[in-house]
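Hi,

Here is the structure I promised to pass on. Have a look at it first, and then read my notes below.

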Amino acid sequence: MKLQRSGYLAGIALTATLALAACGSDNTAEPSGSNASAAPGSCSSGSLTAQGSTAQKNAMDEWIKAYQAQCSGAKIDYQGTGSGAGIQAFIAGTADFAGSDSALKDEEQKQADAKCATGTALNLPMVIGPIAVVYNVDGVDNLQLDASTLAKIFAGKITKWDDAAIAALNSGVKLPSTAIQAVHRSDESGTTDNFTKYLSKSAEADWTFGNAKAWKAPGGTGAAKSDGVASQVKSTAGTISYVELSFAENSDLKTAKIKNGAGEFTELTGESAGKTIEGAKITGTGNDLKLSIDYATTTAGAYPIVLVTYEIACEKGSSKAADIKAFLNYTSSTAGQTALSELGYAPLPASIQSKVATSVAAIS
């Protein structure tokens, strides 16, 4: 699946430019809740250091480029160190905000809240990163898989590409008898946490390893970070793995159609991933927007394996509050979210986007 890059990209760039054109280093006006999805009209001239999720790195690079181009003096450094490292850096005070593919766990939340001193640490969903199941099998171009079969492959129970379970889902497809090489993240990753959460909730009988940032199942081959996984699959025949759509796109990898709760084998697109997030429930309180995703969604056309990357930031008390608020105002705006479509991500649904903008407006 390829996203179309044409004059549409130029239109997005123009939209982002116009949205930020009113920026002034001392202008701190923010959108109110009533127009929370509107483009931001504020800039900050300060510097920010952030790190974490590699899944959102491509989005961050684009956002930072656009923001710094229009906000004189602003300097933002975001390093894709992985979600676990980003959270620890935030708790340690070496990152002004963090990117994480999973909301803070209870113990992490306590530590992050303590770091914020006068407030709580907010989980702000900012990037929908559809997780592609990527594979490298010669002659197989439209692979179809379901949760049970995926769980058995990554648990080491299905070891050959022509296994009866795979064949049953791919009628008429000539599958080779070669060995399956399952590749997983070797570093702690929110992508792994979300992928294994999908397996544990959608194929409970076949996946007994729960979910975590660290890979728990035996066997398989580890690769560091998202680009390492993509590179391993690209260069090695017989492989299968999971990686964010943007990395699958950049490496021109084949992606499998996944069976959803409605019984449909769904192609991964921004639109199909967005349909799953539309049904997510907010489990956080106040301005904290932790989400609970229904991986067994029965929504027609929904692609079920998705992650949401959160920006972790203090609601109150950060010395960089004004800088963080101005930048996240842009990333949560219509212009900022629209720009994601060309990068292999899905924009936040309008209902969630407006809540994120309202929470960002509360940062002080």
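What follows is a short tour of the disulfides, a sheet and some salt bridges.

Before you start: this is a predicted model, so local features need pLDDT of at least 70 and side-chain atom pairs count only at pLDDT 80 or more, while totals for chains, interfaces and linings use all residues. Residues are numbered from 1 along each chain as its sequence is written, and side-chain values use heavy atoms, with hydrogens and water left out.

Disulfides first. A disulfide here is a pair of cysteine sulfur atoms within 2.5 Å, and searching the whole structure turns up 2 of them. One joins Cys 43 to Cys 71, with 1.9 Å from S to S. Cys 43 sits in the loop between α1 (7-20) and β1 (47-52), and Cys 71 in the loop between α2 (57-70) and β2 (75-79), so this pair ties together parts 28 residues apart in sequence. (Helices, H or I with at least four residues, and strands, E with at least two, are DSSP runs numbered from the N terminus.) The torsion about the S-S bond is about -60°, so the disulfide is left-handed.

In the other disulfide, the sulfur atoms of Cys 116 and Cys 314 are 2.1 Å apart. It links distant parts of the chain: Cys 116 belongs to helix α4 (residues 106-116) and Cys 314 to strand β14 (residues 306-314), 198 residues apart. Are these two cysteines buried or exposed? Buried means under 20% relative accessible area, exposed over 50%, and partly exposed in between (1.4 Å probe, protein chains only). Cys 116 is buried at 1%, and Cys 314 is buried at 4%.

Next, an open sheet: 3 strands in the order β5-β10-β11, with mixed pairing. Two strands pair if DSSP finds at least two bridges between them. The edge strands, β5 (144-145) and β11 (265-266), each pair on one side only. β5 runs parallel to β10 (residues 257-259), over 2 bridges, and Gln 144 stands opposite Lys 257 in β10.

Last, salt bridges (a side-chain nitrogen of Lys or Arg within 4 Å of a carboxyl oxygen of Asp or Glu). The whole structure has 6. Among them is Lys 57 with Asp 61, at 2.9 Å from N to O; these residues are 4 apart in helix α2, about one helical turn. Another is Asp 193 with Lys 105, at 3.1 Å. Asp 193 is buried at 0%, whereas Lys 105 is partly exposed at 37%.

Cheers
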